[in-house]
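Welcome, and thanks for taking a look at this one with us.

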Amino acid sequence: MTKVTSIVVGAGLAGLSAAYSLARDSIDVLVVERGDYPGAKNITGGRMYFLPIRSLFPELWDEAPWERHIVREVLTGVSKCSSLSIEFSNQKYNNKPYHSFTILGSRFNKWFAQKVAEKGARVINKYKVDDLILDNGKVKGIVVGGAQIEADVVIAADGTMSQIAEKAGLRGKREPQDFALGVKEVIALSPQTIEGRFRLKADEGIAQLFVGSLTKGMLGAGFLYTNRDCISLGLVLGIKDLTDCHLNVMPYELLEEFKLRPEIVPLINGGESVEYSAHVLSESGIKGMPKLFGDGILVAGDAAGMAMNMGLTVRGMEFAIASGALAAEAVRMAKKQNDFSAGALSKYQDLLKESFVWKDLNTFRHAPDVLANPRLFGEYPQLACTMMEKLMTVGEEPKKKLSTTISKELRSRLALSLLRDSFRFWRM
Amino acid sequence: MVEVNIKDKLALDTFKPAKESHLKLNQELCRGCKVRCCLFVCPARVYTMDEQSEIHIEFEACLECGTCLIACPHNAIQWNYPQGGFGVQFRYG
Ligand SMILES: Cc1cc2nc3c(=O)[nH]c(=O)nc-3n(C[C@H](O)[C@H](O)[C@H](O)COP(=O)(O)OP(=O)(O)OC[C@H]3O[C@@H](n4cnc5c(N)ncnc54)[C@H](O)[C@@H]3O)c2cc1C
Ligand code: SF4
Ligand code: SF4
């Protein structure tokens, strides 16, 4: 039987980050990925916040296949026939080091895997890890393609639907309220068209979030990111609402309706749809995390539930990269002592707790409860749009005073709950 | 609601279907199921129902997202990824 020091299951951001760190420390590592190539199965939004991970692999980032750095953030509330946008731009977002970048999962991971291989790790594609070799609950290696490969430690970086963490007994059943479905389309447009339509210079990009009637009252949101030569457009829909929902509407129909909205049509006009994808995201943050370590095993990235909707920011990529690197660090320490027991590998959790990953997930631990509020996705965007309509429209009747219009809207609608929800959002 | 032919959307992607389905149903549990949410949560319309109210799976179209497994209230789906090197292969991601 073959034996290696470490095996990484999955060549996503978490797995590749772990493998890169291990290979850099000259630790024997084998990455096993089920896709045809690294990136073949990696769906993201996506925007990556750069500053938290900048110091991890400084030698890599200059040549990374970033799509565009974000210089403008737009939040759009939509009702059936109107919309209200808040646009935020910041000169600082145009200074290096950039604050955040858009990426495409397949392009990025293909490049990252190449860097991992150059460092000396072995990356095998087209193989799915079918099982773990278990000995009295201790993980001793993997079963892949009918063969067994022994290892001192296995890092499960196999994404949100991680079966490896399950097989190791580290995670239980997934509940609908803790997950969302993301559906996404990539629409190709020339860089010049993108820059013209979105008022951007070369390499600059925007990130836009949509809430309101586009999800038909379901917990969820729409997103638009500009890439170099295409646009990522998608919806995130809470699985509980999707399951309870008797709207008789399919996720792809909602996506199509989103594409046909007057706010979107002129942005994608003439563009060619080149990909349709879907993937679940964990929405429960720290509460939904599985056990992160066991004898001979560590869990990193989405497999460890390290992704989160924090209201105006969706995060998962930096958590995946950072947790992968910390898992590698724990392996390095375990190897020094030649002790890969759960006790020794628990160092991983300590390292995580000292890092931004744990701190951010902990700070936003109430976010899922605050965001599981249907008013945020239905009534409030509607209220904002109605109020704007009344303020902006001049009809046949004499116009009311601004204060009258606003206070009437607020009184007639949900003033108290708005106040209460704003407070909860503020404290989140 | 707009009409969408899901086949047109799926035609944008590259699929390498395996011989055997990676998704299996416990039809017994499905027969007793009232919600049948697999029919409307799946972004690839993998699940359909025939006149006899039996659920069918077109596994070749699966986007491997995981939604059906999480959504099914009766744990009727034996969910797996396709065999390595098969299934959908994304170029953008
Ligand atoms: C629609 C959507 C939008 C998002 N938007 C954002 C965003 O804007 N910003 C952000 O930061 N995050 C976002 N996220 C979250 C972010 O994409 C993830 O947190 C991150 O990509 C997780 O990386 P990972 O390496 O943990 O998992 P993955 O990228 O899922 O990688 C797991 C890998 O493991 C492989 N694998 C699984 N099982 C096996 C097996 N048994 N054998 C071999 N290989 C296996 C898979 O093929 C895959 O390549 C979004 C997610 C989605 C779905
Ligand atoms: S798969 Fe689940 S949701 Fe679908 S019919 Fe069967 S039991 Fe019901
Ligand atoms: S994994 Fe996703 S695409 Fe595949 S059958 Fe289930 S819901 Fe449909």
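## A glycine to start with

Is B:Gly85 buried or exposed? B:Gly85 is buried, at 5% relative accessibility; buried means under 20% relative accessible area, exposed over 50% and partly exposed in between, with a 1.4 Å probe and protein chains only. You will find B:Gly85 in the loop between β5 (77–79) and β6 (87–89) of chain B. Its C-alpha lies 8.8 Å from that of B:Ala18, although 67 residues separate B:Gly85 and B:Ala18 in sequence.

## Ground rules

This is a predicted model, in which local features need pLDDT of at least 70 and side-chain atom pairs count only at pLDDT 80 or more, while totals for chains, interfaces and linings use all residues. Residues are numbered from 1 along each chain as its sequence is written, chains are lettered from A and ligands numbered from 1 in the order in which they are written, and side-chain values use heavy atoms, with hydrogens and water left out.

## Chain B as a whole

Chain B has four helices and six strands, where helices (H or I, at least four residues) and strands (E, at least two) are DSSP runs numbered from the N terminus. Read from the N terminus, the order is α-β-β-α-α-β-β-α-β-β. The radius of gyration of chain B, 14 Å, is close to the 12 Å that the globule rule gives for 93 residues, so chain B is as compact as a globular protein of that length. That radius is taken over C-alpha atoms, and the globule rule is 2.2 Å times the number of residues to the power 0.38.

The C-alpha trace of chain B spans about 40 × 35 × 20 Å along its principal axes. Of its 93 residues, 52% count as buried.

## Two ligand shells

Around ligand 2 sit, among others, B:Cys30, B:Cys33, B:Cys37, B:Cys38 and B:Cys72; a residue is near a molecule or strand if one of its heavy atoms lies within 4 Å of it. The shell also includes B:Arg36 and B:His74. By class it divides into 10 nonpolar, one polar and one charged residues. Here Ala, Val, Leu, Ile, Met, Phe, Trp, Tyr, Cys and Pro count as nonpolar, Asp, Glu, Lys and Arg as charged, and the others, Gly among them, as polar.

Ligand 3 is surrounded by 13 residues, and the closest are B:Cys42, B:Cys62, B:Leu63, B:Cys65 and B:Cys68. Its shell has 10 nonpolar, two polar and one charged residues.

## Aromatic rings

Over all chains there are 19 aromatic pairs. Rings of Phe, Tyr and Trp (its six-membered ring) pair if their centres lie within 6.5 Å, and planes under 30 degrees apart count as stacked, over 60 as edge-to-face and the rest as tilted.

B:Trp79 is buried at 10% relative accessibility and B:Tyr81 at 9%.

## Charges over rings

The charged end of B:Lys9 sits over the ring of A:Tyr276, 5.9 Å from its centre. A:Lys110 lies over the face of A:Tyr37, at 4.6 Å from the ring centre. The criterion is NZ of Lys or CZ of Arg within 6 Å of the ring centre and within 35 degrees of the ring normal.
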